Amino acid sequence: MPASLGRAAEAIRSADHLVLIFPLWLGGMPALVKGFLEQVMRPGFAFERLDSMGLPRKLLGGRSARVVVTMGMPALAYRVIFLAHGIRALDRGILRFVGIRPVRTTFLGMVGAAGEGTRKRWLERMVELGRRGA
């Protein structure tokens, strides 16, 4: 793992709950987020290589996560039409793969058109989720 990611890795190791917040980018997480996760979720830190049965040993169990995704389209459209494919890949292929569960997701749609009242409600909701550790 690059030395520059050591502090981030230690923060993940010591956390009980992770929060990832990012804008939807071409149906999934931005390349910067994916690149970060590819570098930090390495064998030896996030999982151990495959065992004789072909299953990796998950090293980040006991942690939960909240993924908050902002987007320009209606959140319902992303869920129903696109089946939230990019975020499902993050959930199953990265976070659950290393033992992080449950993984909860919040989609905030139409952010460019959202008024001040809507944005205030979103922030209040995020504060409440944080208080509950959800």
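View 1. At 40% relative accessibility, phenylalanine 82 counts as partly exposed, a class that lies between buried (under 20% relative accessible area) and exposed (over 50%), as computed with a 1.4 Å probe on protein chains only. Tyrosine 78, by contrast, is buried, with a relative accessible area of 1%. The model is predicted, so that local features need pLDDT of at least 70 and side-chain atom pairs count only at pLDDT 80 or more, while totals for chains, interfaces and linings use all residues. Residues are numbered from 1 along each chain as its sequence is written, and side-chain values use heavy atoms, with hydrogens and water left out.

View 2. Rings of Phe, Tyr and Trp (its six-membered ring) are taken to pair if their centres lie within 6.5 Å, and planes under 30 degrees apart count as stacked, over 60 as edge-to-face and the rest as tilted. By this rule the count comes to three aromatic pairs. The rings of tyrosine 78 and phenylalanine 82 have centres 6.5 Å apart and planes at 35 degrees, so this pair is tilted. For tyrosine 78 and phenylalanine 107 the centres are 5.4 Å apart and the planes stand at 75 degrees, so the pair is edge-to-face. Because tyrosine 78 lies in helix H3 (residues 75-80) and phenylalanine 107 in strand E5 (residues 103-108), this pair ties together parts that are 29 residues apart in sequence. Helices (H or I, at least four residues) and strands (E, at least two) are DSSP runs numbered from the N terminus.

**View 3. The open parallel sheet.** Three strands form an open sheet in the order E1-E4-E5, with parallel pairing, where two strands pair if DSSP finds at least two bridges between them. Strand E1 (17-23) and E5 stand at the edges with a single partner strand each, so one side of each is left without a neighbour in the sheet. E1 and strand E4 (residues 64-70) pair in the parallel sense over seven bridges, and histidine 17 stands opposite serine 64 in E4.

**View 4. Helix H2 and its covering elements.** In helix H2 (residues 31-40), Val33, Leu37 and Val40 are buried. Seen down the axis of H2, its buried residues fall within an arc of 75 degrees, so they line one face of the helix; the arc is that of the directions from the helix axis to the C-beta atoms. The face turned away from the buried side of H2 carries the exposed residues Ala31 and Leu32. Among the elements that cover the buried residues of H2 are helix H1 (6-14), E1 and H4.

How values were computed. Contact = heavy atoms within 4.5 Å.
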